[in-house]
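Welcome! Here is a short briefing to read alongside the sequence and the 3D view. Take a moment to look at both before reading on.

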Amino acid sequence: MGMLRAGTQSVLRFTMEGTWMLDHAPRPLAAHLLFESRDLDEARDKVARVFCPHRLDTVRGRFHARQHHLPGEKLSLNYIEYGAKTMIAPGALRDFYLVQIPLCGGASIVNGGDRYTSDPGRAAVLNPHRETTMIWEEGTRQVLLRIDRAAMQSHLSRQLGAPASAPVTFQGALDLRSGAGAALRRLVLWLVAEADDGAAPLTGLMGRQLEETLLSGLLDAHRHDYAAHLGRSRSAPRPRHLRLAESFIEAHLDQPITLEDVAEAAGTSARNLQLAFRQYRGTTPLAFWRDRRLTRAHADLIAAAPGARVTDVALRWGFAHFGRFAESYRLRFGLTPRDTLRAALGPGYQD
C-alpha cells in the first residue's frame, strides 16, 4: 500500500516486508500533540488522563514518549510511541475498548485469557472487562482507537435489535491484512490523513456517521461472542414474496427498475412489498436496491486496477448523477468514492 494521500504531512509507507515506516515528516496527528517527554512519570500521568491509571516501566532502550490525541464524540484517535521497550499494565480498562494498530514494531498482549502478539498486520483489541498487560517492543509506534464502552454496547444493541445482555468480548488479534480488517485499517488511517490535512473528521454529522461506521467495521472485522447472534439477526426468515423481490433486485442491480417492476416479479402488490421490506429489512425496496448497488460499487473501488475511474464505476452500477452518488456513498461508507479509490491504488492514483 502506498501513501494514503498525496499531500498528507505524516507520510506513512507500507513496505514490501509488511511493516509501516515513518519518514522524517511529522508524526501522525502531529497538530494534536498532547505531550512529549523523556520523563517516565510525566508520560504515565499524561497518558492516564486520556486512558486510565496504569503501570509503566522501561525494559530496554532510551525512553522518549509522545502522544497525539484527537477526540470525537464516542471515540478518539491517538498516536503513541515510547521509544524504549516498555511494559504497560493498566489492569481492566473498565470504561473503554482500545484498538491498537502498529505502524511499526509490535507488542505482546495479555487480555484476560487471550495471549497474542500484534504487529503491522495484526491489531490488538483490548476488552475493558478483562485485565490487560502489554510489552511494546523498542521503537513501536501505534495508532490507537479509544472506543467508549457504553457507546459500543448501545451500537451492538441496535445491531441486534434488542438490548445486549453482556459486554461484547473480542477474541485474539485482529487480522489487518485482508477483508474487513484491511478495510477497517484503511478507514482509520484515512481519518488520520484527513486530520493531518487540516480537516476535523470526527466532528458534526459526518463525524457521528464515521464513528458509527468504525463501530460496525470492528464488529464485522473481528471475532467476538455476539458474531453468531448478529448473523442470525441479519438473516431473519423472509416470506416468499420478499425472497423473490430480493432475487429480482440482485439480478437487476445495473438496470433501472421501479417499485412496480419489483412487485410484479414478486407476485404481490407494491404496498405489501413495502410493508415486507419495512418489517424484515427496516428499509424500502428501492432503498434496498440503492444500497446493494452502492455495495457493489464499493467492492469495485476497493479492487480497482490502475487507471480505474470513479465515474466508470458509478455508471456501471446505474449512478448517472455523480454528485448524488458521491453523497450517498459517503453516508453509507464514511468516506468518498474518490478517497476509497485513492486508498486502493496508493501513489499510482491520479484524479
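Which residue of strand 13 does Glu81 stand opposite? Glu81 faces Arg141 there. This is a predicted model, in which local features need pLDDT of at least 70 and side-chain atom pairs count only at pLDDT 80 or more, while totals for chains, interfaces and linings use all residues. Residues are numbered from 1 along each chain as its sequence is written, and side-chain values use heavy atoms, with hydrogens and water left out.

- Strands (E, at least two residues) are DSSP runs, numbered from the N terminus.

**Partners of strand 6**
- Two strands pair if DSSP finds at least two bridges between them.
- Strand 5 (residues 65-71) runs antiparallel to strand 6, joined by 6 bridges.
- These two strands form a hairpin with 3 residues between them, and Arg66 stands opposite Glu81.
- Strand 13 (residues 141-148) also pairs with strand 6 in the antiparallel sense, over 7 bridges.

- An open sheet of 5 strands has the order 4-7-12-9-10, with antiparallel pairing.
- Strand 4 (55-60) and strand 10 (114-118) stand at the edges with a single partner strand each, so one side of each has no neighbour in the sheet.
- Within this sheet, 5 bridges join strand 9 (residues 107-111) to strand 12 (residues 131-136), and Ser108 stands opposite Ile135.

Technical notes. Helix = DSSP H or I, 4+ residues; strand = E, 2+ residues; numbered from the N terminus.
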